[in-house]
Amino acid sequence: LCSVIIVEITGIPKTTYLTDRLSVLSGYHLFVDDIQTVIDFNTTVEMWSALINKLLELSADKNVWIACDYVQAWAIITTSKISIVVNVFTDILAPHQSTTLSMNLRNTSDLSNILSVIRDEF
């Protein structure tokens, strides 16, 4: 039985679709990678608030890690939509619940380090 589920987001799923699918993963530690792919032209504060609140709900009894690379999102979406997501993250999450990764382009080393800790601890 696995104790950590890695959710690798591919394509561009709707925010509400992802929120609904995450609901079935309660009871597991989660690592959600590439959450920025959910940002689209229809992004609203309400949609992202619901997604982040769902992740916080899931983190009540398990660990939840989220990787969001805003730079990757800039290639396909407007700055105003990315700003919505950044504001939701900063408004909802407490300072101890987020961290800034190093400035390397794809944060490969940072993500590898995070996954190593998850593998060793869980």
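## Helices and strands

The protein chain holds 5 helices and 3 strands, where helices (H or I, at least four residues) and strands (E, at least two) are DSSP runs numbered from the N terminus.

A word on the model: it is predicted, so local features need pLDDT of at least 70 and side-chain atom pairs count only at pLDDT 80 or more, while totals for chains, interfaces and linings use all residues. Residues are numbered from 1 along each chain as its sequence is written, and side-chain values use heavy atoms, with hydrogens and water left out.

## The chain as a whole

Of the 122 residues in the protein chain, 37% are buried, a term for under 20% relative accessible area, with exposed meaning over 50% and partly exposed in between (1.4 Å probe, protein chains only). The accessible surface of the chain is about 7300 Å², and carbon and sulfur atoms make up 57% of that; such areas come from the Shrake-Rupley method with a 1.4 Å probe, and for residues only the protein chains shown count as cover.

Among contacts (heavy atoms within 4.5 Å) in the protein chain with a separation of 6 or more, 77% link residues 24 or more positions apart.

## The sheet

The 3 strands make an open sheet with parallel pairing, in the order S1-S2-S3; two strands pair if DSSP finds at least two bridges between them. Strand S1 (4-8) and strand S3 (64-66) are at the edges with a single partner strand each, so one side of each has no neighbour in the sheet. On average, neighbouring strands here are turned by 10° against each other, direction ignored.

Strand S2 (residues 29-33) runs parallel to S3 and is joined to S3 by 3 bridges. Leucine 30 stands opposite valine 64 in S3.

## Two packed helices

Helix H1 (residues 15-23) packs against helix H2 (residues 45-58) at an angle of about 15°, and their axes lie 9 Å apart. That makes H1 roughly parallel to H2, as angles under 35 degrees count as roughly parallel, over 145 as roughly antiparallel, 65 to 115 as roughly perpendicular and the rest as oblique. Axes are lines fitted to C-alpha atoms, for helices over the stretch in contact, and angles run from 0 to 180 degrees between N-to-C directions.

Threonine 19 belongs to helix H1. With 11% relative accessibility, threonine 19 counts as buried. Leaving aside residues up to four places away in sequence, threonine 19 touches Ala50, Leu51 and Lys54.
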